[in-house]
Amino acid sequence: MTRFLLLTTLLLTAPLTHASLLAPFRNEDGSTRWQYVANFSSGVLIILLTIAAVVLFVTWRRARRYNLELEEIRSHLEERVQDRTAKLEKEVAEHVVTTQRLQASESYIQNILSSMPLVLVGVNGDGVVTHWNRRAEQVSGTKAEAAIGRNLWSIYPDITVTPEHIKQALAKRKPVTLRYSQPGSYHMDITVYPLENYVEPGVVVLVDDVTRRVITENMLIQHDKLSSMGELATAMANDIHTPLQAILFDLRSFHKALESGQLLPKDSQQDSEFKRLEGLLEHASDNGRQVESVIRNLLQFARGRNATAEPANVVDILEHSLTQASEALSLPDAIPFGKINVERHFEKEIPLAPCHITELQQVFLSLFRHAYQSLAEKAKAKGMDFVPTIKLYVGQSYDALSVRIQHNGTGLSNEEQMHLFEPYVNSANVEQPSAAADRRLSFAYFVITEQHRGHMAVTSDLEVGTTFHIQLELH
């Protein structure tokens, strides 16, 4: 505005600089007509001020209109900002609630996985750990922070799952179930199942410690077996005893008639035939007395179970079981048990141990039967150069009584040792290990570990032989 007034003034006053234009402002003598100049200047100034006032008024009106428009725009913007802010606050509140729910769900799921009594390990297709719960930390000794992102077998080499199991589960899209057990220590059920509807292929490995369940099942099996064995032993003994006594009576009658000469006259020509018949009768009588001994053992076993343990000399029980084995154990075309070399290594002044005498006799008899089968098998393979030997050791070890039965027969493989003390389940749906039913010692293991609260183990070598270790508490 100032520049406009200045320019107008200059344009109006510029002609004054020329002599021709200044003539009206001078007298004839050349003097200046100041009154005329003053009037002219005042008029020009009034005109300029009027123009400036008009311009200012127009500018003010325009600025006012602009201000009103700006106020309207600002008011509209404020309303839009308030609406948008309200929407954002609502969305933020919804997001906060959703985030809290997600965090609560994630925390709940994480708590469930961490609190599970199972080992839960997430593994991708390359064997890299993606999840590691608390039970896995306790079993492996490795924290989750150190396990996640590393190869499973580098941090947990003892796990039974192999890369082939993971590949099998991913390829078939079906769970893979494994069983791993160490008799007397632990039993594990392992499941490997693939993840579904997940971006990266992977599996979840579940390791369930079923030791308590297996022990309970074995206890039920052994209790049922013990009850049925008592009933079966009584029934068998009674069924066999009557015809056996009749057979022995007939043998004695025949032997008396033979000795009296009623059946075969005694002369030089018939002596050989007489001796042959007499030998057959003696052999039949010996076998009959052996069966009588077996019947007495069965009846004693059926009647001898006491509710409470009684103090007894384990050496006497062992010797009695050895006598029973000599009378009862025999195999066709094999050395009799009574001919086996038995070495006794007993400490002096062995203390009495609380035990169930009849059941402990059955344990020792089962071990002698197992040893006899192994010795007969090796004697058949080695021939006359092999000397079958059983070594018996009894001694006190601190507050327990240690019993060892060792033989030099055919040893047990690692798989046979693993399943030696497990019950044999005769079912088409259950995959049976190589150890057969007649070579199992689950009943003996149950009697020692459950009935006597002791310990039982086996160590074996295929060439050297086998040693059974039994430990009975003295108090």
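Let me start with a single residue. K380 sits in helix 10. Buried or exposed? K380 is exposed, because its relative accessible area is 73% and the cut-off for exposed is over 50%. Look across from there to A334. K380 and A334 lie 46 residues apart in sequence, yet their C-alpha atoms are 7.4 Å apart in space.

Before going on, a word on what you're looking at. This is a predicted model. The chain has 475 residues, and 33% of them count as buried. It holds 12 helices and 12 strands. Take the contacts with a separation of 6 or more: 58% of those come from residues 24 or more positions apart.

Now back to helix 10, and its packing against helix 9. Two packed helices are described by the angle between their axes and the distance between the axes. Helix 9 covers residues 314-328, and helix 10 covers residues 357-382. Their angle is about 50°, and the axes are 9 Å apart. That makes helix 9 oblique to helix 10. The crossing of helix 9 past helix 10 is right-handed.

Which residues make the contact? From helix 9, we have V314, I317, L318, H320, S321, L322, Q324 and A325. From helix 10, we have I357, L360, Q361, F364, L365 and F368. Sort the contact of helix 9 with helix 10 by class, and you get 10 nonpolar residues, 4 polar and no charged ones.

Helix 10 has another partner, helix 12. Here the packing angle is about 140°, and the axes are 9 Å apart. That makes helix 10 oblique to helix 12. The handedness of the crossing between helix 10 and helix 12 is left-handed.

On the helix 10 side, the residues are E359, L360, Q362 and V363. On the helix 12 side, they are F443, A444, V447, I448 and Q451. By class, the contact of helix 10 with helix 12 divides into 6 nonpolar, 2 polar and 1 charged. Note L360. L360 is on the list for the helix 9 contact, and L360 is on the list for the helix 12 contact.

One more residue in helix 10, please: S366. S366 is buried, with a relative accessible area of 18%. Where does its side chain go? The side chain of S366 reaches the backbone oxygen of Q362, at 2.8 Å.

How many of its residues are buried? The count is 10 of the 10, so helix 12 is largely enclosed by the rest of the structure. The buried set includes S442, Y445, F446 and E450.

T449 counts as buried, at 14% relative accessibility. Its side chain reaches back to the backbone oxygen of Y445, at 2.6 Å. Leaving out residues up to four places away in sequence, T449 touches G454, H455 and M456.

That brings me to backbone angles. Most residues other than glycine have a negative phi. Here are some exceptions.

R453 has a positive phi, near 55°.

Next, E349. Its phi is positive, about 55°, and it is not a glycine. Where is E349 found? E349 is in the loop between strand 7, 341-346, and strand 8, 353-355. E349 counts as exposed, at 79% relative accessibility.

Last, Y398. Its phi is positive as well, near 60°, in a residue other than glycine. Y398 is in the loop between strand 9, 389-397, and strand 10, 400-407. Y398 counts as exposed, with 74% relative accessibility.

To recap the packing. Helix 10 packs with helix 9 at about 50°, and with helix 12 at about 140°. The helix 9 crossing is right-handed, whereas the helix 12 crossing is left-handed. The contact with helix 9 has no charged residues, while the contact with helix 12 has 1. Happy to take questions.

Definitions and conventions:
Residues numbered from 1 in each chain as written. Predicted model: local features only at pLDDT ≥ 70, side-chain atom pairs only at ≥ 80, totals over all residues. Heavy atoms only, no water. Axes fitted to C-alpha atoms, helices over the stretch in contact; angles between N-to-C directions. Helix = DSSP H or I, 4+ residues; strand = E, 2+ residues; numbered from the N terminus. Parallel < 35°, antiparallel > 145°, perpendicular 65-115°, else oblique. Left-handed = near helix turned anticlockwise from the far one by under 90°. Contact = heavy atoms within 4.5 Å. Nonpolar A, V, L, I, M, F, W, Y, C, P; charged D, E, K, R; others polar. Buried < 20%, exposed > 50% of the residue type's maximum accessible area, 1.4 Å probe, protein only. Polar contact = N/O pair within 3.5 Å; in protein donor to acceptor, adjacent residues only side chain to side chain.
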